[in-house]
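Below is a walk through one protein chain, from its overall layout to the positions that a database record marks. Keep the sequence and the model in view while reading.

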Amino acid sequence: MIKGINHITFSVSNLEKSIYFYEEILKGKLLMKGNTSAYIDIAGVWIALNLERNIVRSEVNPSYSHIAFTISETDFKFWEQRLLKENVNILEGRTRSKEDKLSIYFTDPDGHRLELHTGTLDDRLKYYKEKKEHIEIF
(Lines give C-alpha, C1' and ligand atoms only; values in the text may rest on other atoms or scores of the structure.)
Protein backbone atom coordinates (compact mmCIF):
# COMPACT_ATOMS: atom_id res chain seq x y z
CA MET A 1 0.00 0.00 0.00
CA ILE A 2 1.38 3.41 -0.96
CA LYS A 3 1.26 5.79 2.01
CA GLY A 4 1.99 9.09 0.26
CA ILE A 5 4.63 11.03 -1.61
CA ASN A 6 8.11 10.25 -0.27
CA HIS A 7 10.08 12.96 -2.06
CA ILE A 8 10.30 14.96 -5.27
CA THR A 9 13.66 15.11 -7.07
CA PHE A 10 14.65 17.80 -9.53
CA SER A 11 17.72 17.61 -11.77
CA VAL A 12 19.40 21.03 -11.57
CA SER A 13 22.14 22.73 -13.59
CA ASN A 14 23.35 25.06 -10.82
CA LEU A 15 23.02 23.79 -7.25
CA GLU A 16 23.57 27.16 -5.54
CA LYS A 17 21.04 28.94 -7.77
CA SER A 18 18.45 26.19 -7.15
CA ILE A 19 19.05 26.19 -3.39
CA TYR A 20 18.47 29.95 -3.40
CA PHE A 21 15.24 29.52 -5.37
CA TYR A 22 13.73 26.80 -3.17
CA GLU A 23 15.06 28.08 0.16
CA GLU A 24 14.89 31.86 -0.20
CA ILE A 25 12.16 32.49 -2.77
CA LEU A 26 9.81 29.62 -1.88
CA LYS A 27 10.78 29.76 1.83
CA GLY A 28 11.85 26.13 2.15
CA LYS A 29 14.16 24.87 4.88
CA LEU A 30 17.57 23.62 3.78
CA LEU A 31 18.13 20.23 5.43
CA MET A 32 21.32 18.96 3.74
CA LYS A 33 23.82 20.23 1.21
CA GLY A 34 26.61 18.28 -0.48
CA ASN A 35 28.77 18.86 -3.53
CA THR A 36 26.12 17.61 -5.95
CA SER A 37 22.87 17.46 -3.99
CA ALA A 38 20.71 19.24 -1.44
CA TYR A 39 17.54 18.43 0.47
CA ILE A 40 14.95 21.09 1.20
CA ASP A 41 11.69 20.83 3.14
CA ILE A 42 8.75 22.80 1.78
CA ALA A 43 5.66 22.42 3.97
CA GLY A 44 6.61 18.87 4.89
CA VAL A 45 7.50 17.83 1.33
CA TRP A 46 11.05 16.54 0.83
CA ILE A 47 12.52 18.22 -2.25
CA ALA A 48 15.79 16.68 -3.47
CA LEU A 49 18.00 18.70 -5.81
CA ASN A 50 20.60 16.74 -7.81
CA LEU A 51 23.26 18.53 -9.85
CA GLU A 52 23.47 17.27 -13.45
CA ARG A 53 25.46 19.62 -15.66
CA ASN A 54 25.41 17.79 -19.00
CA ILE A 55 21.66 17.77 -19.63
CA VAL A 56 20.00 19.94 -22.27
CA ARG A 57 17.59 22.26 -20.47
CA SER A 58 14.42 23.54 -22.09
CA GLU A 59 10.94 24.32 -20.93
CA VAL A 60 8.27 22.04 -22.38
CA ASN A 61 5.78 24.71 -23.45
CA PRO A 62 2.77 22.56 -24.32
CA SER A 63 3.03 20.41 -21.18
CA TYR A 64 0.72 20.91 -18.22
CA SER A 65 2.82 18.64 -15.97
CA HIS A 66 3.72 20.44 -12.74
CA ILE A 67 4.05 20.26 -8.95
CA ALA A 68 1.57 22.39 -6.99
CA PHE A 69 2.03 23.77 -3.48
CA THR A 70 -0.87 25.03 -1.36
CA ILE A 71 -1.07 28.67 -0.27
CA SER A 72 -3.90 30.59 1.38
CA GLU A 73 -6.05 33.07 -0.52
CA THR A 74 -4.91 35.80 1.86
CA ASP A 75 -1.28 35.10 0.87
CA PHE A 76 -1.93 35.04 -2.88
CA LYS A 77 -0.94 38.69 -3.54
CA PHE A 78 2.15 38.32 -1.33
CA TRP A 79 3.36 35.36 -3.39
CA GLU A 80 2.51 37.01 -6.69
CA GLN A 81 4.51 40.12 -5.72
CA ARG A 82 7.37 38.04 -4.30
CA LEU A 83 7.78 36.04 -7.51
CA LEU A 84 7.67 39.21 -9.60
CA LYS A 85 10.23 40.94 -7.35
CA GLU A 86 12.59 37.97 -7.67
CA ASN A 87 12.17 37.96 -11.49
CA VAL A 88 10.81 34.42 -11.45
CA ASN A 89 9.52 33.22 -14.83
CA ILE A 90 5.75 33.43 -14.33
CA LEU A 91 3.70 31.48 -16.85
CA GLU A 92 0.30 32.31 -18.24
CA GLY A 93 -2.26 30.34 -16.29
CA ARG A 94 -5.37 28.69 -17.60
CA THR A 95 -8.71 30.46 -17.46
CA ARG A 96 -10.40 29.70 -14.13
CA SER A 97 -13.75 30.17 -12.52
CA LYS A 98 -13.63 31.84 -9.08
CA GLU A 99 -14.91 28.55 -7.58
CA ASP A 100 -11.78 26.86 -8.93
CA LYS A 101 -9.67 29.17 -6.72
CA LEU A 102 -6.46 31.01 -7.59
CA SER A 103 -3.16 29.80 -9.03
CA ILE A 104 0.21 31.16 -10.05
CA TYR A 105 2.20 29.02 -12.50
CA PHE A 106 5.96 29.57 -12.78
CA THR A 107 9.25 27.79 -13.41
CA ASP A 108 12.31 27.19 -11.30
CA PRO A 109 15.78 28.06 -12.68
CA ASP A 110 15.86 24.84 -14.74
CA GLY A 111 12.36 25.14 -16.23
CA HIS A 112 10.54 22.75 -13.87
CA ARG A 113 6.92 23.88 -13.78
CA LEU A 114 5.50 24.76 -10.36
CA GLU A 115 2.19 26.14 -9.12
CA LEU A 116 1.00 27.93 -6.01
CA HIS A 117 -2.70 27.12 -5.58
CA THR A 118 -5.27 28.38 -3.07
CA GLY A 119 -7.79 25.57 -3.47
CA THR A 120 -8.09 22.08 -2.05
CA LEU A 121 -9.17 18.79 -3.57
CA ASP A 122 -12.53 19.17 -1.78
CA ASP A 123 -12.96 22.67 -3.31
CA ARG A 124 -12.26 21.29 -6.78
CA LEU A 125 -14.62 18.31 -6.47
CA LYS A 126 -17.41 20.51 -5.10
CA TYR A 127 -16.96 22.94 -7.99
CA TYR A 128 -16.97 20.13 -10.54
CA LYS A 129 -20.05 18.52 -9.00
CA GLU A 130 -21.97 21.82 -9.03
CA LYS A 131 -20.81 23.30 -12.35
CA LYS A 132 -19.46 20.56 -14.61
CA GLU A 133 -22.27 18.18 -15.53
CA HIS A 134 -20.02 16.26 -17.95
CA ILE A 135 -17.70 15.20 -15.11
CA GLU A 136 -18.50 12.11 -13.09
CA ILE A 137 -17.63 12.33 -9.36
CA PHE A 138 -17.12 9.11 -7.37
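The protein chain contains 3 helices and 8 strands, where helices (H or I, at least four residues) and strands (E, at least two) are DSSP runs numbered from the N terminus. Read from that end, the order of elements is β-α-β-β-β-β-α-β-β-β-α. This is a predicted model, in which local features need pLDDT of at least 70 and side-chain atom pairs count only at pLDDT 80 or more, while totals for chains, interfaces and linings use all residues. Residues are numbered from 1 along each chain as its sequence is written, and side-chain values use heavy atoms, with hydrogens and water left out.

Along the principal axes, the C-alpha atoms of the protein chain occupy a box of roughly 50 × 40 × 30 Å. The chain has 138 residues, and 33% of them count as buried; buried means under 20% relative accessible area, exposed over 50%, and partly exposed in between (1.4 Å probe, protein chains only). Among contacts with a separation of 6 or more, 53% are between residues 24 or more positions apart, a contact being heavy atoms within 4.5 Å.

The accessible surface of the protein chain is about 9500 Å², and carbon and sulfur atoms contribute 50% of that area. These areas come from the Shrake-Rupley method with a 1.4 Å probe; for residues, only the protein chains shown count as cover.

Which residues carry the UniProt feature "binding site"? The unreviewed entry places this feature at His7, His66 and Glu115. UniProt positions are given in the numbering used here, feature names are shortened, and annotations may be inferred rather than shown by experiment.

His7 sits in the segment before β1 (8-12). Its relative accessible area is 38%, so His7 is classed as partly exposed. Apart from neighbours within four places in sequence, His7 touches Trp46 and Ala48. The side chain of His7 also makes a polar contact of 2.7 Å with the side chain of Asn6. A polar contact is a pair of N or O atoms within 3.5 Å; within protein, one must be able to donate a hydrogen and the other to accept it, and residues adjacent in sequence count only if both atoms are side-chain atoms.

His66 is found in the loop between β4 (45-51) and β5 (67-70). Because its relative accessibility is 27%, His66 is also partly exposed. With neighbours within four places in sequence set aside, the contacts of His66 are Tyr105, Arg113, Leu114 and Glu115. The side chains of His66 and Glu115 are joined by a polar contact of 2.8 Å, and both residues are positions in the UniProt feature.
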